[in-house]
Amino acid sequence: MKGLSGKVAIVTGAGTGIGQGIAIRLGAEGAQVVIDYVGDPSGATETQRAVEQAGGKAAIVAADVTKMSDVAALVDAAWKAFGAADILVNNAGIEHKAAFWDTPEADYDKVMAVNLRGPFFLTQAFVRRLRDAKRPGRIVNISSVHEDMVFPGFSTYCCSKGGMRMLMRDLAVELGPLGITVNDVAPGAVVTPINKALLNDKPKLDALLGKIPLGRLGTPEDVAAMVAFLASDDAAYVTGSTFVVDGGLMRNYREQ
Ligand code: BGC
């Protein structure tokens, strides 16, 4: 991919799942990667090792995107470690299953804090530094097919991803004059820990597979390839759009 070599990329939630795949791919493209994680650092260490094996450089930072001080510290850490932060991948995300009428306030607050408020203020901290340094940049949000498609039982998740889509569209316009592009990548069903319950439930999994025209779940690598493109110079004229990586799931409504 053109132009990724030497760029500095922050990837949130990069100790596991899709974020780990993105960090490794960007590292393999020659980027210097800031691996953000929360909780147990073992996944982040694994990511760092893989980035280095792929020929890239990586630093690990523990930062909870729901905390303003952590968000500021994450951007500062990138500039301190590598002298810049050119690419931000807002990947960290969670979901809670609950019928709408049973959804606890705490679930709503947590899902919105990680999936929407976190990206909002992390992007703000990322952009302020670029604006002050008069440098261009790239923002890629990992949203979901559910930024557009319903997901009954996951209304909080849908709110957060729908919000992420509009944040992306708004910022594409507001940040375009600064030379900063903003896009969403919308994965479908990908094999990651967020899907653990589904992956262990064979009837549900088979039903889902039946709805995916390409006949398999996605992998973190499938998503990472799109992110690498959007972060590269090849995507210099691409902003304000969502790129769906779902094996055709979204387009496969069928009457029984
Ligand atoms: C969710 C998964 C779900 C998939 C497809 C993803 O955004 O995290 O739980 O299986 O969308 O519906």
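This is a predicted model: local features need pLDDT of at least 70, side-chain atom pairs count only at pLDDT 80 or more; totals for chains, interfaces and linings use all residues.

Residues are numbered from 1 along each chain as its sequence is written, and side-chain values use heavy atoms, with hydrogens and water left out.

**Ligand site**

Around the ligand lie E95, S144, H146, F151, Y157, G188, A189, I194, N195 and L249, where a residue counts as near if one of its heavy atoms lies within 4 Å of the molecule. By class this shell has five nonpolar, four polar and one charged residues; Ala, Val, Leu, Ile, Met, Phe, Trp, Tyr, Cys and Pro count as nonpolar, Asp, Glu, Lys and Arg as charged, and the others, Gly among them, as polar. The table gives distances from an oxygen atom of the ligand to an N or O atom in the side chain of each residue.

| Residue | Distance from a ligand oxygen to a side-chain N or O |
|---|---|
| E95 | 2.5 Å |
| S144 | 2.6 Å |
| Y157 | 2.7 Å |

Taken alone the ligand exposes 310 Å², of which the protein buries 91%, the areas coming from the Shrake-Rupley method with a 1.4 Å probe.

**Cavity and pocket**

Rolling a probe the size of a water molecule over the atoms shows where empty space is left. On a 1 Å grid over the protein atoms alone, a cavity is a set of points where a 1.4 Å probe fits but cannot get out, while a pocket is an open set with protein on both sides within 12 Å along at least five of seven lines, and lining residues have an atom within 4 Å of a point. The structure holds one cavity of 30 Å³ or more, and the largest cavity contains about 30 Å³ of space. Its lining consists of H96, K97, A98, T103, D107, G153, F154, S155 and T156, which divide into two nonpolar, five polar and two charged residues.

The second largest pocket has a volume of about 240 Å³, and the elements that give two or more residues to its lining are α4 (105-133) and α5 (155-175). The largest share, six residues, comes from α4. By class, the lining of this pocket has five nonpolar, two polar and four charged residues.

**A strand residue**

N141 belongs to strand β5 (residues 137-142) and is buried (under 20% relative accessible area), with a value of 3%. The side chains of N141 and D184 are joined by a polar contact of 3.0 Å.

Note on methods: A polar contact is a pair of N or O atoms within 3.5 Å; within protein, one must be able to donate a hydrogen and the other to accept it, and residues adjacent in sequence count only if both atoms are side-chain atoms. Grid points are joined across faces, edges and corners, and a volume is the space filled by probe spheres set on the points. Helices (H or I, at least four residues) and strands (E, at least two) are DSSP runs, numbered from the N terminus. Buried means under 20% relative accessible area, exposed over 50%, partly exposed in between (1.4 Å probe, protein chains only).
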